[in-house]
Amino acid sequence: MDKIILTGDRPTGKLHIGHYVGSLRERVKLQESGEFKKIFIMIADAQALTDNFDNPEKIRASIKEVALDYLGVGLNPEKSVIFIQSQIPALAELTMYYMNLVTVARLSRNPTVKSEIQMRNFEANIPTGFLCYPISQAADITAFNATTVPVGEDQKPMIEQTREIVRKFNEIYEPVLTEPDILLSSNKSCLRLPGTDGKAKMSKSLGNCIYLSDSAEDVAKKVKSMYTDPTHIKVSDPGHIEGNTVFTYLDAFSKEEQFKKYLPEYNNLDELKEHYKKGGLGDVKIKKFLNAVLEEELSTIRERRREYEKDEAFVYDMLKKGTEIAREEAAKTLENVKKAMKIDYFSLS
Ligand code: TRP
């Protein structure tokens, strides 16, 4: 079977390094692997509106930011189709038919939906569109016959929900839908990168993000004030690695060859960790190293992003072309779905 990727992001602001290590970096690798027949990358504006329906300006402005972040990290429109969700009418139709296959109880049990409802104080007043977004996500994935969905760990329940819908659809109607697999980063520290303040999640509202578009000065400032180990007061004090943001980021970003270049007195991260645990290694030194490590990756992204920023017409043209390709692809699946459901009244074949 041909391997096909579909994945995407909600446009609710600029993307940060949590998105990067959790998913974007992986996507670029997959793009370059040549293993996939097709790659679809979707800007999920319709999904973003399910909990931002009262802030359309934010979503609209974020489309461009996310597209620039994509181009910045190295997604290549010649190899990956980048498109906008709301412009694909078949997705809305598929969502409607899949709704018949999912109970309200099942949606309410979805752990990601549950925690998002809490976060947004939706408990008493859940918008129907929001409750149903896992169904619309199943439409996104199946419309492109995706076999592989590279996402962050928080998306596990969404892919599980999609698989259930596919199995049910194929069983009741005809086996026309593809059951997708989730693809998670093999690096544990990449699954959920904490914020610079050590809080579990990097999030705009907490102000603890490093953005892909941050300047070198901003990154340096954020690294300097990053949360480490509050019990490690004097350089000579023994330190803790667990829950120490600097080390989690080093786990996610550093490569062995960078030790030779920046910290030749250590062979690798394990040796650095051992020294920190024993005592005698100061936070300033590890933060300087982290900053150098981050800059190696972020400076390329930042510069490429700035180049594309100058050419807004190119960015919108790319989105338009990608959207046209995606529209055709999704329309084919919708046709198969309608045929399987016996609602293809006027088709001649
Ligand atoms: N739910 C994803 C997120 O919040 C975005 C998304 C929408 C998505 N549809 C998708 C991801 C389909 C993968 C596949 O980041």
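Buried area is the accessible area (1.4 Å probe) that two parts lose on being put together, summed over both. This is a predicted model, where local features need pLDDT of at least 70, side-chain atom pairs count only at pLDDT 80 or more, and totals for chains, interfaces and linings use all residues. Residues are numbered from 1 along each chain as its sequence is written, and side-chain values use heavy atoms, with hydrogens and water left out.

**View 1. Here are the two domains.** Domain 1 covers 4–192 + 312–340 and domain 2 covers 216–306, with bounds from an automatic or database domain assignment. Their C-alpha centres sit 33 Å apart. Where they touch (heavy atoms within 4.5 Å), domain 1 puts in 15 residues and domain 2 puts in 11 residues.

**View 2. Now for the buried area.** Together, domain 1 and domain 2 bury about 1100 Å², with 56% of it on carbon and sulfur atoms. On the domain 1 side, Ile-17, Gly-72 and Ser-189 lose the most area to domain 2, together 43% of what that side buries.

**View 3. Next, a salt bridge up close.** Glu-297 and Arg-25 pair up through their side chains at 3.1 Å, N to O. A salt bridge here means a side-chain nitrogen of Lys or Arg within 4 Å of a carboxyl oxygen of Asp or Glu. Between domain 1 and domain 2 the count is three salt bridges.

**View 4. Last, the helices on the domain 1 side.** Helix 1 (17–33), helix 3 (56–73) and helix 10 (188–191) each bring at least two residues to the side that touches domain 2; helices are DSSP runs (H or I, at least four residues), numbered from the N terminus. Helix 3 gives the most, with six residues.
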